[in-house]
Amino acid sequence: MIKMRKEKSLRLLALILVGAFLAACPSGYASAASQPTGKSSQPTEKSSEPAEQLKAGPSIAEISRLAGLQADVETKTSVCYVDVDDGENPYDVTWDYGPLYNTYVDSIDWSLLFDADYYIEAFPALALLYHQDQELLLKHFQTVGIHEGRQGSSAFNVAAYMENCDSKVKKVFGDNYECYYFYYAINYKTEKAVTTAGTNQKKQLTVKLTNRQRRSWHSRERSSRKL
């Protein structure tokens with residue numbers, strides 16, 4: 001009986017100490033510590049659309065549904081943490097735009113848009129960050145690179161494609177660069193005749209930031225204005 005009481009007392013003391021430790025932690029640390037590990041730690045999917053709406057349709061209107069989709073790391077600071085699971089890049093967060101976007105990612109031939117050797121040569125700092133791991137670099141291209149208008153191969157430059165594609169495509173997609181990649185790849189049989197390469201085109205058109213990075217950027221801007 002005495003032993004059981006001691007064990008209960010020890011468990012109670014341990015719970016009190018843990019509670020006190022978490023209460024004393026900075027909010028950011030406590031948030032990161034409370035995040036679940038493994039696959040369940042990824043941001044939740046964006047929608048619960050019916051299966052027929054998740055079809056990766058080839059039309060301009062269907063692909064335009066991808067325009068403006070945001071990952072949780074762009075809207076919530078609390079999920080801007082690093083996924084250190086095996087096989088993941090230990091320096092990067094998880095970009096998840098939801099089931100519709102994932103359906104399109106799974107439906108196209110990425111060799112039409114991406115060549116790992118070219119990507120490594122074109123973006124050496126990025127390649128170093130990703131340990132020149134070709135699978136991780138492809139994942140970066142699929143989730144971040146195409147949103148930034150990055151050139152993934154010598155054969156396809158999105159700025160060149162935007163200059164030469166049908167005006168209807170550009171009118172609908174605007175500066176949502178990711179849409180052009182998907183439209184070109186899905187409709188390759190008809191779009192392969194469009195000029196998609198150029199010597200004077202930029203290899204990257206913009207930068208995509210997480211919510212935490214954007215807040216930090218704005219904070220530095222405000223501080224610099226006060227000086």
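A polar contact is a pair of N or O atoms within 3.5 Å; within protein, one must be able to donate a hydrogen and the other to accept it, and residues adjacent in sequence count only if both atoms are side-chain atoms. Keep that in mind for the second stop.

Before you click, note that this is a predicted model, where local features need pLDDT of at least 70, side-chain atom pairs count only at pLDDT 80 or more, and totals for chains, interfaces and linings use all residues. Numbering runs from 1 along each chain as its sequence is written, and side-chain values use heavy atoms, with hydrogens and water left out.

**Stop 1: the whole chain.** Switch to cartoon and you'll find 13 helices and 0 strands (DSSP runs numbered from the N terminus: H or I of at least four residues for helices, E of at least two for strands). Of the 227 residues, 38% are buried, meaning under 20% relative accessible area with a 1.4 Å probe, protein chains only; exposed is over 50%, and partly exposed is in between.

**Stop 2: N157.** Select N157, in the loop between helix 8 (134–145) and helix 9 (158–164). Its relative accessible area is 2%, so N157 counts as buried. Follow its side chain to the backbone oxygen of K202, 2.9 Å away. Show the surroundings too: leaving aside neighbours within four places in sequence, N157 is in contact (heavy atoms within 4.5 Å) with Q151, T196, Q201, K202 and K203.

**Stop 3: helix 11.** Now pick residues 177–186. Here 9 of the 10 residues are buried, so helix 11 is largely enclosed by the rest of the structure. Who packs against them?

**Stop 4: helix 5.** Hop across to helix 5, where P99, L100, Y101, Y104 and V105 are buried. Their cover includes helix 3, helix 8 and helix 11.

**Stop 5: the salt bridges.** There are 2 of these, each a side-chain nitrogen of Lys or Arg within 4 Å of a carboxyl oxygen of Asp or Glu. Select K208 and E74, whose side chains meet at 2.8 Å, N to O. This pair links distant parts of the chain, 134 residues apart: K208 is in the loop between helix 12 and helix 13 (211–226), and E74 is in helix 4 (residues 72–75). K208 is buried at 15% relative accessible area, and E74 is buried at 6%. Finish on R150 and E148, with their closest N and O atoms 2.6 Å apart; both residues are buried.
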